[in-house]
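Thanks for coming. I'll go through one structure this morning, starting with the overall layout and then the side chains. Here it is.

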Amino acid sequence: MENRSDPSAGAPAGLTYTGYLRLDELLACQTPLSDTHDEMLFIVIHQASELWMKLCLHELTAARRAIAEDRLDAAFKMMARVARIQQQLIGSWEILATITPADYSAMRDKLGSSSGFQSHQYRAMEFLMGNKNAGMIRVFADAPAFQAMLQDALEQPSIYDEALRALARAGLPVPEAQLTRDVTQPYEASEAVEACWRQVYAEPERYWNLYELAEKLVDLEYRFQLWRFGHLKTVERVIGFKRGTGGTAGVPYLARVIDQVFFPELLTVRAVL
């Protein structure tokens, strides 16, 4: 008979902390290309950020599915977790900002054309949040697996698309054009959708779950924008207005990105409440 009180029951024989987390492989992934002290920090911060983004994608994909199935309470838990993860990502910029311009200049040539612009997970997060741009997939022409992942993400509805469908299922008059739109295209704001959210905010007791969904989405956007702003100010502090390593314009490019919004009606509705 199975011993349910034994925490190791069913675990592989001899499994250790190091083996379970594959620490030998994980800790062998930090391989600086220069002899500068700060390159280890640069690598660790970016690798850790990619791990956090992997978890964000895991949670947001599940949250989108839960919204589509009207399991909003489950979605709220996942979205709240992502908000905490985003705090970790935001805080990482403060650590990276301890690299001085001289420190960075000493290792910059070793980075070649590599750039955070080439993060397929970041792009997948943007697609999932609704910032669709098919042209960005071309950045990964030399990585077919990443291209396929991003093409799939492009063709899937965003978490906001599913939120609007949830509004419609609750009886709110979301225009059919918004519900059947081409989800590979950037989302365009709708006054009719804003009116639906206005009704939700006007009657929170009646639409409590949708009200909570709206606030969870606003929280995601708020923290995503803080992450973008932290990126901008860190780059500004470390390299000033030099061009980025991946060929982007650097600070001016990051400043333009901050103006992009994911859930426009959830921001504009605040002016009419």
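From the N terminus on, the elements run α-α-α-α-α-α-α-α-α-α-α-α-α. That is 13 helices and 0 strands, where helices (H or I, at least four residues) and strands (E, at least two) are DSSP runs, numbered from the N terminus. This is a predicted model, with local features needing pLDDT of at least 70 and side-chain atom pairs pLDDT 80 or more, while totals for chains, interfaces and linings use all residues. Residues are numbered from 1 along each chain as its sequence is written, and side-chain values use heavy atoms, with hydrogens and water left out.

Overall figures next. Taken along the principal axes, the C-alpha atoms fill a box of roughly 65 × 60 × 35 Å. Of the 273 residues, 44% are buried; buried means under 20% relative accessible area, exposed over 50%, partly exposed in between, with a 1.4 Å probe and protein chains only. Contact means heavy atoms within 4.5 Å. Among contacts between residues at least 6 apart in sequence, 70% join residues at least 24 apart.

Now the core. The largest nonpolar core has 70 residues, and Y160 and W197 touch the most other members. A nonpolar core here is a set of buried Ala, Val, Leu, Ile, Met, Phe, Trp, Tyr and Cys residues joined through side-chain atoms within 4.5 Å. Helix α11 (residues 208-239) gives the largest share of this core, 12 residues. Leaving aside neighbours within four places in sequence, the contacts of Y160 include W197, L217, F262 and F263.

Several of these names return among the aromatic rings. The structure holds 13 aromatic pairs: rings of Phe, Tyr and Trp (its six-membered ring) pair if their centres lie within 6.5 Å, and planes under 30 degrees apart count as stacked, over 60 as edge-to-face and the rest as tilted. F140 and F146 are edge-to-face, at 6.5 Å centre to centre and 85° between the planes. F140 counts as buried at 3% relative accessibility, while F146 is partly exposed at 33%. F262 and F263 form a tilted pair, at 6.0 Å and 45°, and both are buried. Ring pairs also link W93, Y122, Y160, Y187, W197, F224, W227, F262 and F263 into a cluster.

Which residues does I99 contact, leaving aside its neighbours within four places in sequence? They are D38, L41, F42, Y104, M107 and V238. I99 itself lies in the loop between α4 (72-96) and α5 (101-108), and counts as buried at 3% relative accessibility.

Last, charges. A search of the whole structure finds 14 salt bridges, a salt bridge being a side-chain nitrogen of Lys or Arg within 4 Å of a carboxyl oxygen of Asp or Glu. In the one between D70 and R169, the closest N and O atoms are 3.0 Å apart. D70 is in the loop between α3 (39-68) and α4, and R169 is in helix α8 (residues 159-169), so the pair ties together parts 99 residues apart in sequence. D70 is partly exposed, at 46%, and R169 is partly exposed at 41%.

E126 and R228 form another salt bridge, with the closest N and O atoms 2.4 Å apart. E126 lies in helix α6 (residues 120-129) and R228 in helix α11, so parts 102 residues apart in sequence are tied together. E126 is buried at 2%, and R228 is buried at 3%.
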